[in-house]
Amino acid sequence: MKSTIFILITLLSFNFGNSQIDNDKVLHFAGGALFGLAGAGIAKEISNGDRYWTFAGAVGGALLVGLGKEAIDSGQEGNSWDNADVLATALGGVAVGFTIDIFTGKKRRKQASANSLTYDENLNIFFKNRLPSLDELRFSTSIIHTE
């Protein structure tokens with residue numbers, strides 16, 4: 001439900017923002033988001049899922065494309081370099097980087113709780129409501145529990 005409301009608000013803000021912002025900037029933002037997604041995917045594969053490198057890949061991919069596009073535009077007759085276009089493209093990558101971090105954060109929290117220590121009823125019965133010593137745990141393969 002929260003995700004649906006978030007997506008709805010985001011889409012409405014894009015609709016209202018489109019009337020306030022030049023169409024060219026919206027296209028640069030969308031292009032930055034697209035290439036930021038590609039950069040994040042590449043960085044995530046290379047770094048084995050490191051969240052900081054994934055975010056850097058999203059921003060780096062968008063920034064690389066934005067700088068390249070403006071370099072091509074400045075070489076054409078009648079066009080010039082526009083820092084606002086580069087910023088809009090980079091912001092698309094930042095938005096994708098934050099979005100990926102938010103949605104993969106839920107997965108990290110679930111994995112962390114799954115990897116945490118859990119209560120084992122069989123172990124409690126075996127050690128009769130006391131904590132086992134390190135020596136007892138070290139030789140756990142030689143201890144046989146029978147009921």
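Predicted model: local features only at pLDDT ≥ 70, side-chain atom pairs only at ≥ 80, totals over all residues.

User: Which elements give two or more residues to the largest nonpolar core?

Analyst: The largest nonpolar core has 5 residues: Ala33, Ala40, Ala58, Val96 and Ile100. Val96 is in contact with Ala33, Gly36 and Leu37, leaving aside its neighbours within four places in sequence. The elements that give two or more residues to this core are α2 (23-46) and α4 (83-115).

User: How far apart are the end C-alpha atoms of helix α3, and what span should its 25 residues have?

Analyst: Helix α3 covers residues 51-75, and its buried residues include Thr54, Ala58 and Glu70,. At 1.5 Å a residue, its 25 residues should span 36 Å, which agrees with the distance between the end C-alpha atoms, 36 Å.

User: What is the angle between the planes of Phe55 and Phe98?

Analyst: The structure holds 1 aromatic pair. Phe55 and Phe98 form this pair, with 5.1 Å centre to centre, and the pair is tilted. Phe55 lies in helix α3 and Phe98 in helix α4, so the pair ties together parts that are 43 residues apart in sequence. The angle between the planes is 55°.

User: Is Phe98 buried, partly exposed or exposed?

Analyst: Exposed means over 50% relative accessible area, and buried means under 20%. Phe98 has a relative accessible area of 49%, so Phe98 counts as partly exposed.

User: How many residues apart are Lys25 and Asp85, which form a salt bridge?

Analyst: The closest N and O atoms of Lys25 and Asp85 are 2.8 Å apart, and both residues are buried. Lys25, Asp82 and Asp85 are linked in a network of salt bridges. Lys25 is in helix α2 and Asp85 in helix α4, and the pair links distant parts of the chain, 60 residues apart.

User: Which residue forms a salt bridge with Asp101?

Analyst: Asp101 is partly exposed, with a relative accessible area of 22%. Asp101 lies in helix α4 and its partner in helix α3, 50 residues apart. The closest N and O atoms are 2.9 Å apart, and the partner is Arg51.

Technical notes:
Residues numbered from 1 in each chain as written. Heavy atoms only, no water. Core = buried A, V, L, I, M, F, W, Y, C linked by side-chain atoms within 4.5 Å. Buried < 20%, exposed > 50% of the residue type's maximum accessible area, 1.4 Å probe, protein only. Helix = DSSP H or I, 4+ residues; strand = E, 2+ residues; numbered from the N terminus. Contact = heavy atoms within 4.5 Å. Expected span 1.5 Å × (residues − 1). Phe/Tyr/Trp six-rings, centres within 6.5 Å; stacked < 30°, edge-to-face > 60°. Salt bridge = Lys/Arg side-chain N within 4 Å of Asp/Glu carboxyl O.
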